[in-house]
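Okay, thanks for coming, everyone. Let me put the model up, and then I'll talk through the charges and contacts in it.

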Amino acid sequence: MADTARSAPSPPPRTAEISTLSFALIISVPVLIFLLVVVAYPLAYAFYLSFHEIRFFGGYSATWNGLANYSKVFSDQSFWSSLGRTLRFTVETVILTLAVGLGLALILKHLPAKWRWLRALIILPWAVSPYGAGIFFTYLGRGQTGIGTAVAGWFGSDHTVNLISARFVVEYLAVGAAWNMAPLVAFFLLANMLTTPARLYDLAKIDQMSRLETFWHVTLPPLRFTLFVFSCITTVLAMKTFDYIFTATQGGPGGASAVLTYTLYKISFVNLDLGYGAAMSFFLLAVILGATGLLYLLWGRKEERQ
Amino acid sequence: MARIDLHNIVKTYGSHHAVENLDMTIEDGELLVLLGPSGCGKSTTMNMIAGLTEPTSGKILFDGADVTSHSPHQRNIAMVFQSSLLYPHLSARDNIYMSLKRSGLSKQEINARIAHAAETVDVTRLLDKMPSQLSGGERQRVATAKAIVREPAGFLLDEPLSALDASLRLSLRAELVNLQKRIRTTMIFVTHDQVEAMTMGDRIGVMRKGRLEQIGTPTDIYNRPATLFVAGFVGVPPMNFLKGALEKADGRLWLTNPSLKMEIKGEFANAAPQKEVILGIRPHLMRLTEAGASALPLTVYAIEQLGNEAIVICDGPDGGKIRVVAPAGFTAPVGARLDATFDSAAARLYDPASERVLAVTGKA
Amino acid sequence: MTGRNTKTLWLALAVAVALLWTFLPMYWVVKYAFMTKTEIARFPPMLYPPDPMLASFFNIFGFDYTTAEGTVFKASGQARQIILGLRNSLIVALVVTAITTLVVVPLSYVFARLQFPFKGKLLAAILLSVSLPPVSTLIPFYTLYVQLGLTGTLFGLIVVTLTITIPIVAWMLIGFFRNLPPVELLARVDGFSRLYTLTRIIVPMARSGIMVAAVIAFLFSWNEYVYAQILVTGSNAVTLPAAMSGFLFQVPEPAQLAASLLLSLLPPFCIAFFLQKHIAEMHIA
């Protein structure tokens, strides 16, 4: 046939096929070394600090004091109260973020085509930095400048309504954190919802499910894995957060919002007690890992099996 | 175009044996179908022929030359992957061009070849489309053009039709066979669909659990399945099986079980008696009859009307389903008693322990 | 009223609530940028600027602003910091984005698509670094930087910021790469080397995912405040958020704070606005 008259392809050069392992190593080792240096080193150094007493007055000095820093944490009343505030803030933030995210996703899903551009507006709070969110919510909540007083003013009252009260500041901050993080959750949930087959909704209609039943049995189940992943992400972010609380309340009023990160900041950078701060920071790390681990055990394993 | 030899190929993943001691020859210009259920090692075998996977031991020869350590490109094979995989970000033309990019051909030659390949499988008008704009059948054709443009020594296809709908599969099947005969390339086609295998292959290699159960022409595989697995896997409707014992009496061989006593004639008449055997008989070779001594008592379970014939699915005496082909329009109520007979010379006997066909010493 | 109309009404109401929720907190502060000090201090708080003006935007860049009535708004004493901060934030964010993308694309590719020993453990290590609170690594970084003389330098800030962006972007991209079709097989049959496959096939294929990853790196870097607050505040390497905090803490200047905050929000908003379609394409692992 005609093809045989064509010139055969010249024999390809023998390329030295590198093995998967060496290719993976060549690519990842430099990055891993960088990460090791800039993540593991500080971690190791913090570990070192946590066994020492660091002084700056009269020249820098580090004195070995064994487990003293760690045992001090246990008897430190401010540690336990800060931990309590961190947990309270985290639980509230996670629940609010997922709930608001789900609500926004449901609204976005039902938008008719000509209103779709609203999606681009709803995402905006996600782009606001935590420190920006802190600034927004401090002015929004304060009695002098806040929305509460403004609303009271409409009704002819001249009371100041302070949303950042010692009693409910943690709840107020959780609302702000949810404001910041919920849009991203909403977008992922929306993407998930759009892949749910429309037939399932037809089936729900045939089965004469109520709206709530449809939501519970049709809308929600495919979202559960995403919800789990975001509950982990939100947990980590809420426990790590510092800049948001720093700009929003500075731990106030009267220490009522001094979560663990804020207390750590004060110990290390205001009191300059670096050894003690380092020791306490390992407790924070343990709490973060413990919380995500617990979430996985209680919830994630179940979702993976399905 | 090449003759491909596999010598004692073994592939293990840890303790899992994906392919065991495989010996096989694919003749130059032949279309060999590798058939088997998922996980039987057929794709692994194809990947080793392609050079995508290195065998744990054994040798692969192309036209007598050892290519075991050569890359796919050095072997000059072409491959169409599952669901006709294409580079999603490249147009059909660029997808085909990628096959020749490393070939060292001149620009002119490349363009001529692309045009020729596109014409061969009739995709010239699709060349500037992106894969996402192509239908399943069009993607398959473009993937084929990408493969043949190299004028490969071997053309390998890994279940390329499995994602397509039935009617498209039917027409593409014929198209591929036609193409293979026209360009006379050695072609290996992997599938789990036995109809596809029967209709396409010059020869079929049936694999199971990493072993080659039987290799032969479709007629051979259909009429003379070497193992119980091949007998049950190939053929629609599937072969019927009856348990029984082989006994010698009056110088003749009898198959007996509680509901049947039948003289074995033909090929297996001289088989050695044994306590347990399995008799296999194709549904097309059975007839529904009046009750008789050597008839099999059956109870109707369901009837499938195919237009040209009817398949009567029955509960057999030993619990298994027995299918009998009846004339078109045959009806009987579910649960009705029927009897069926067949010529024992057309049946095959298998040893349930080894699952292989019984050895016969000589012709009757 | 028909059922359809009721439904539309409820939806409109829900959308209104969502928009209020989204914009009220921002609006409440951003409006200060267009108000005078006395207007801001009014009691009860004003809902909107009665007489919007742009004085604060001039002030934060070091310009006096004179209104038509002849009132003069003096340039801010922090103007130099704001200008520096704007410049530095841009430099840090761009450099961090470039390095992160360059490094993370091959890294995530390797982790997502290839099988090799110790992969699981290495991956766990990367993920662990996502959950490190900056406050804990801040202390060692701070002491280390004091010794190395890296406090108050852009280089130092870039290095720490990379420790945030690399793990998080890697985590997102690994999920994205996992979902690409197995084109490596095609590439091997076509005779391409691994490097060619990665750079000339995978990267163009994954353009949208890589773009989102880069943008996320930019956002994280642009919005970073904790490290900047400790490591570069008051220096020539100050970033916009750190410079802005001068208006928040030392001498509160709500108008100028709001103006600079609005300024800092513009790039992220543009990004979010144009990329929202692609965000959910990042499959979560």
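**Salt bridges and the B–C interface**

So, across the interface of chain B and chain C the rule finds 2 salt bridges, where a salt bridge is a side-chain nitrogen of Lys or Arg within 4 Å of a carboxyl oxygen of Asp or Glu. Before I go on, the housekeeping: this is a predicted model, with local features needing pLDDT of at least 70 and side-chain atom pairs counting only at pLDDT 80 or more, while totals for chains, interfaces and linings use all residues. Residues are numbered from 1 along each chain as its sequence is written, chains are lettered from A and ligands numbered from 1 in the order in which they are written, and side-chain values use heavy atoms, with hydrogens and water left out.

Back to the interface. D190(C) forms a salt bridge with K146(B), and the closest N and O atoms there are 2.5 Å apart. The rule also finds 11 residue pairs in polar contact across chains B and C, both residues at pLDDT 80 or more. By polar contact I mean a pair of N or O atoms within 3.5 Å; within protein, one must be able to donate a hydrogen and the other to accept it, and residues adjacent in sequence count only if both atoms are side-chain atoms.

Which elements of chain B supply at least two residues each to the side that touches chain C? They are α2 (72-75) and β6 (77-80), and β6(B) gives the most, with 3 residues. Helices (H or I, at least four residues) and strands (E, at least two) are DSSP runs, by the way, numbered from the N terminus. By class, that side of chain B has 11 nonpolar, 4 polar and 4 charged residues. For the classes, Ala, Val, Leu, Ile, Met, Phe, Trp, Tyr, Cys and Pro count as nonpolar, Asp, Glu, Lys and Arg as charged, and the others, Gly among them, as polar.

In contact terms (heavy atoms within 4.5 Å), 19 residues of chain B meet 16 residues of chain C. The area buried between the two chains is about 1600 Å², and carbon and sulfur atoms give 68% of that. Buried area here is the accessible area (1.4 Å probe) that two parts lose on being put together, summed over both. On the chain B side, L85(B), Y87(B) and H89(B) lose the most area to chain C, together 34% of what that side buries.

Now the wider picture. Searching the whole structure gives 27 salt bridges over all chains. One of them joins the side chains of R113(B) and E151(B), at 3.7 Å from N to O. R113(B) sits in helix α4 (residues 107-120) and E151(B) in the loop between α5 and β7 (154-158), 38 residues apart, so the pair links distant parts of chain B. R113(B) counts as buried at 2% relative accessibility, and E151(B) is buried too, with a relative accessible area of 18%. Buried means under 20% relative accessible area, exposed over 50%, and partly exposed in between (1.4 Å probe, protein chains only).

Another pair in chain B is R348(B) with E267(B), whose side chains meet at 3.5 Å, N to O.

Over in chain C, the side chains of R113(C) and E184(C) form a salt bridge at 2.8 Å, N to O. R113(C) is in helix α4 (residues 79-113) and E184(C) in helix α8 (residues 183-189), 71 residues apart. Both make the buried cut-off: R113(C) at 18% relative accessibility and E184(C) at 16%. And in chain A, R88(A), E92(A) and E171(A) are linked in a network of salt bridges.

Next, a charge without a partner. E138(B), in helix α5 (residues 136-148) of chain B, is buried yet has no salt bridge. How far away is the nearest side chain of opposite charge? That's R125(B), at 4.1 Å; Lys and Arg count as positive and Asp and Glu as negative, while His and the chain ends are not counted. What E138(B) does have is the backbone nitrogen of S135(B), 2.9 Å from a polar atom of the E138(B) side chain. Leaving out residues up to four places away in sequence, E138(B) touches R125(B), L126(B) and Q133(B).

Last stop, helix α12 (residues 240-248) of chain C. There, 9 of the 9 residues are buried, so the helix is largely enclosed by the rest of the structure. Among them are P241(C), M244(C) and F247(C).
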